[in-house]
Amino acid sequence: MRPMDKQTLSFQAEVKQILHLVTHSLYSNKEIFLRELISNASDACDKLRFEALDKPALYEDAPKLEIRVWFDKDQKTLTISDNGVGMSAEEAVQHLGTIAKSGTRDFLAALEGDKKKDANLIGQFGVGFYSGFIVADRITVESRRAGLPAAQGVRWTSEGTGEFEVETIERAQRGTDVTLHLRDGEEDFLSAWRLKSIINKYSDHISLPILMPKEQWDEEKKEQVATGEWETVNKAAALWTRPKSEITDAEYIDFYKQISYDTEPPLAYTHNRVEGRTEYTQLLYVPAKAPFDLWNRDKRGGVKLYVKRVFIMDDAEALMPVYLRFVKGVIDSADLPLNVSRELLQESRDVKAIREGSTKRVLSLLEDVAENQKDKYAEFWRQFGAVLKEGVGEDFANQERLAKLLRFASTHADEGVGLADYVARMKEGQEAIYYVTADSLAAARSSPQLEIFRKKGIEVLLLVDRVDEWMLSHLYEFEGKPLQSVAKGGVDLGKLQDEEEKKAAEATAEAFKPVLERLKAALKDRAKDVRTTTRLVDSPACIVVDEGDMSSHLARMLKQAGQSAPKALPILEVNPEHGLVKQLGDDARFDDLAQVLFDQALLAEGGQLEDPAAYVQRVNRMLGGAAG
Ligand code: ADP
Ligand code: MG
C-alpha cells in the first residue's frame with residue numbers, strides 16, 4: 001500500500017446516529033467503555049494467535065500477548081494498548097467508521113426503547129468501539145497490522161461527530177493503542193484504583209494479562225506515584241478450568257455476566273469435565289431472558305471453543321445446533337490440535353462429538369429444570385419455547401427428548417401442558433393426541449371442530465405458534481400415540497364413541513343424503529365434498545381438510561409469506577342436528593343458504609372470503625329481502 005497523506009473521511013450515516021446517541025444519551029454504566037476496549041484488545045490478540053498458528057513469523061520478537069492500560073493526569077488521557085493483530089490503514093477506515101455493522105440498526109432500535117439509557121446495551125450489538133465517546137471528546141487510534149513493515153502504521157483520530165482523520169505513520173510496535181482524551185467531568189477515570197475496580201468487575205475472565213503501571217505511596221508528595229514497573233491487575237484465571245467444588249454460585253454468575261453482556265443472572269448452568277475418546281470441559285449457561293436477536297438464525301456464537309485455554313473459534317453452528325442458539329458458554333478441549341484451520345475444525349470428528357455431547361448436556365439441564373423447578377421452566381418456555389420447537393424437526397437423534405420438553409396450551413389449561421401430561425390424562429379408550437392449529441388462542445378455543453371434544457371432556461392441544469405446523473410435520477407420535485388434528489379428515493373418536501351413537505349417526509346421515517347431494521351440487525366449485533358430521537354440537541357447519549392435504553392454517557401462513565400453497569378444496573361438514581341444517585331441504589332459499597353456510601364455516605376457522613360483498617348481499621337478502 002502507498003503511504004497515505006492525512007485524509008478526512010465521513011462516518012457512515014448510521015454510525016453518525018450511533019455516535020450522536022452515545023454522546024448525548026447514554027447515562028448509566030458509562031464505565032463499560034473500558035470493558036469494550038479491553039475486549040477488542042483481547043479479540044485482536046486471539047486473532048493474532050490464530051493467524052500465527054500457520055505463520056509464526058507474525059509474532060515478530062514479541063510472542064507474549066498482553067494488554068496494557070495507563071493514563072496521563074496532565075494530558076487527561078487514558079490509553080488501552082495491545083500487541084495483537086493490529087489494523088492496516090484500510091482496516092482502520094473500514095472497521096472504525098465507514099461501514100456500519102449489521103448490529104447497528106438493532107442497537108439504535110434497542111436504545112430507543114430503553115428508558116435507563118444503559119450503556120451496557122452497546123456490547124451486545126458489535127459496536128462497542130464507539131462507547132469510548134461516552135467519556136472522550138477525542139479518540140486517537142495508532143496501530144500496525146502484524147506482518148506489515150513499520151512504515152505502514154496508521155493513525156486514526158476523531159472527535160466522534162461527523163468525521164474522522166486517517167494518515168500513515170511510522171510505528172515499530174505491532175498492535176494497537178487506543179487513546180481517549182477524556183471529556184471535562186470524566187477525570188475520575190484517571191485513577192488506578194478506579195480503573196482496577198472496573199477491570200475486576202468486567203474483565204477478570206480475559207485470559208491474557210492486563211497490565212497497569214505499579215504505583216507506590218510517596219510520603220513527601222502525599223500521593224501515589226509510578227514505580228516504573230508494571231503489574232498484572234486481572235485474575236486471568238479461566239474459571240472453567242478450576243474444580244467445580246471450589247467455584248461459588250456467585251462466581252459462576254459473575255462469569256456469565258462477563259461473557260454474555262447480560263445484566264441478569266442466568267436461568268441455569270452446567271459445568272462438566274467430559275472424559276473418554278475426546279476430553280473437554282464445558283461450562284454452558286441458559287440465559288433467563290431472550291436476546292433481541294433470538295430470531296436471527298445466523299447470529300454470532302454464544303459458545304466459544306478453546307483448546308487448552310487458547311481461544312479458537314465461536315462458530316455457533318459447529319458447537320451447538322441452531323435451535324440452541326441462545327446457549328452461552330465455553331468449551332475447552334484438551335486434545336484438539338491447535339494448529340489446524342477453522343474449516344478443518346468444523347469438519348473434525350472430535351468437534352462433532354463435542355457438539356453432540358454438549359447438546360445432550362443442555363437437554364439434560366433443561367429436563368432437570370422442567371422436572372424440579374416448574375415455574376422456572378414455564379418462564380424458560382415463554383422466552384425460548386418457540387426456538388426449541390425448531391429442534392423437533394432438525395435434530396432427529398434427540399427428537400424424543402425434545403418432544404418431552406414441549407409445552408402447550410390446551411382446552412384444559414392455559415399453558416404448560418406437556419405431551420406426557422396429556423397422555424397421562426387421556427380418557428379411557430382415547431387413542432390419539434388431539435390438537436388444533438390456529439392464528440391465536442382465542443381462534444383456537446372457538447374452533448367449531450372442538451365442540452364434540454368439549455362435550456365429551458376430551459383434551460385438545462391448542463397450537464398457535466408459527467412454527468407449530470412445521471414442527472408437526474416432523475412429529476407424528478408421542479409414546480406410541482399418534483398426533484391428530486381435529487380439523488383434518490373424518491372425525492373418528494374410535495372407542496370414545498359408543499355403538500348407539502354411531503348407529504344413530506349413520507341413520508341420520510342416510511336420511512340426509514338427498515340434501516347432501518343438493519349441497520354438493522351448489523358448492524361444487526368450493527368444496528371437494530360435503531358430508532354430515534358428529535364433531536359439531538352448537539355450530540351448523542365447519543370446514544375440514546382431507547387427510548393428506550395441507551391444513552388451511554398452514555396454507556394461509558404460506559400465502560401471507562408470499563409463497564404459493566397447493567390449491568386443494570376443503571370439505572364442508574354439516575351438523576344434521578342443527579336447526580338451520582334440519583330445515584335446509586325445505587327452504588326456498590337453498591342456494592343462498594348453502595353459500596352462506598360455507599362462508600360462515602370459512603370465517604369461523606379464521607379464513608377470508610374471496611367475495612365478501614356477495615356474502616353480505618346474500619345475508620341481507622335472507623334478513624330482510626332485497627331492497628325495494
Ligand atoms: P466488535 O468488537 O463487536 O467487532 P467494535 O465496535 O468493538 O465491534 O469493534 C469494531 C472493529 O474494529 C473490530 O471488529 C475490529 O475489527 C476493529 N478493532 C477494534 N479495536 C481493535 C484493536 N484493538 N485491534 C484490532 N482491531 C480492532
Ligand atoms: Mg468489540
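## Shell around ligand 1

Helix 2 gives the largest share of the shell around ligand 1, three residues. In this predicted model, local features need pLDDT of at least 70 and side-chain atom pairs count only at pLDDT 80 or more, while totals for chains, interfaces and linings use all residues; side-chain values use heavy atoms, with hydrogens and water left out. Residues are numbered from 1 along each chain as its sequence is written, and chains are lettered from A and ligands numbered from 1 in the order in which they are written.

There are 15 residues around ligand 1, a residue being near if one of its heavy atoms lies within 4 Å. Those that come nearest are Asn-40, Asp-82, Lys-101, Gly-128 and Phe-129. By class, the shell holds five nonpolar, six polar and four charged residues (Ala, Val, Leu, Ile, Met, Phe, Trp, Tyr, Cys and Pro count as nonpolar, Asp, Glu, Lys and Arg as charged, and the others, Gly among them, as polar).

## Polar contacts and cover

On its own, ligand 1 has 530 Å² of accessible area, of which the protein covers 88% (Shrake-Rupley method, 1.4 Å probe). Helix 2 (32-51) and helix 3 (89-98) are the elements that give two or more residues to the shell; helices are DSSP runs of H or I with at least four residues, and strands are runs of E with at least two, numbered from the N terminus.

## Domains

The chain is assigned domain 1 (7-232), domain 2 (239-378), domain 3 (406-493) and domain 4 (496-627), with bounds from an automatic or database domain assignment. Taken over C-alpha atoms, the centres of domain 1 and domain 2 are separated by 28 Å.

## Largest cavity

The structure holds three cavities of 30 Å³ or more (on a 1 Å grid over the protein atoms alone, sets of points where a 1.4 Å probe fits but cannot get out; lining residues have an atom within 4 Å of a point). The largest has a volume of about 200 Å³, the space filled by probe spheres set on the points, which are joined across faces, edges and corners.

Its lining has 19 residues, and Thr-437, Ala-487, Ser-552, His-553 and Glu-605 lie nearest the centre. Strand 16 (433-437), strand 21 (541-544) and helix 18 (552-560) each give two or more residues to this lining, with the largest share, three residues, from helix 18. The lining divides into eight nonpolar, eight polar and three charged residues. The largest cavity lies between domain 3 (406-493) and domain 4 (496-627), because both give residues to its lining.

Terms used: 1 Å grid on protein atoms, 1.4 Å probe; cavity = no way out; pocket = protein on both sides within 12 Å on 5 of 7 lines; lining within 4 Å.
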